Amino acid sequence: MAHVYRNMHFLLCVEGTEIPLKSCKSFAQEVEYEGIQEGGLNDRVHLRKKPLSKPFTFQAERYVGPGYTDPLPAGHSPEGEMVLMVSDQAGTFAEPTAQFLFSGCVVTGKNYSEVDAERPGLIIETTTVAYEQMQVKWKGGIG
């Protein structure tokens, strides 16, 4: 059976600040194409890349607790790359399983979980970040 990487522990590094996360989701680079059909009886269709109609984004979720500070306010454009480190070992990111490097980032949104007196729970902050490029580095140089 092939080895599969686990994604259990997350840490987002932004401008020297390490932000532990609950989850990170919706990061994908989706490129749109349009089909152009040749004339005549030819059944060939050419694909041409369309201009981007929406930015690439990801969402980082974290718990809000004592000593809370917000290193990613809405509208903030961090200097340099944002690095999402994923590790399969608790508390150690010296050799992360994967690193997702995001460049050209802008914080485009911020929201907080529902507060309901009848259903207590933890407060979760969700930060939406738009980015220009994503590079992935896998443990062992895969990818």
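User: Is Val45 buried, partly exposed or exposed?
Analyst: Buried means under 20% relative accessible area, exposed over 50%, and partly exposed lies in between (1.4 Å probe, protein chains only). Val45 has 44% relative accessibility, so Val45 counts as partly exposed.

User: What is the mean pLDDT of the protein chain?
Analyst: This is a predicted model, where local features need pLDDT of at least 70, side-chain atom pairs count only at pLDDT 80 or more, and totals for chains, interfaces and linings use all residues. Residues are numbered from 1 along each chain as its sequence is written, and side-chain values use heavy atoms, without hydrogens or water. pLDDT is the predictor's confidence in each residue, from 0 to 100. In the protein chain, 90% of residues reach 70 or more, and the mean is 84.

User: How many residues make up the largest nonpolar core?
Analyst: A nonpolar core joins buried Ala, Val, Leu, Ile, Met, Phe, Trp, Tyr and Cys residues through side-chain atoms within 4.5 Å. Leu12, Leu21, Phe58, Leu72, Met82, Leu84 and Phe102 touch the most other members. The core's residue count is 20.

User: Which residue meets Glu61 in a salt bridge?
Analyst: A salt bridge puts a side-chain nitrogen of Lys or Arg within 4 Å of a carboxyl oxygen of Asp or Glu. Glu61 is buried at 11% relative accessibility. The N to O distance is 3.1 Å, and the partner is Lys25.

User: Which residues does the salt-bridge network join?
Analyst: Asp70 and Lys110 meet at 2.9 Å, N to O. Salt bridges with shared partners make one network of Arg62, Asp70, Lys110 and Glu125.
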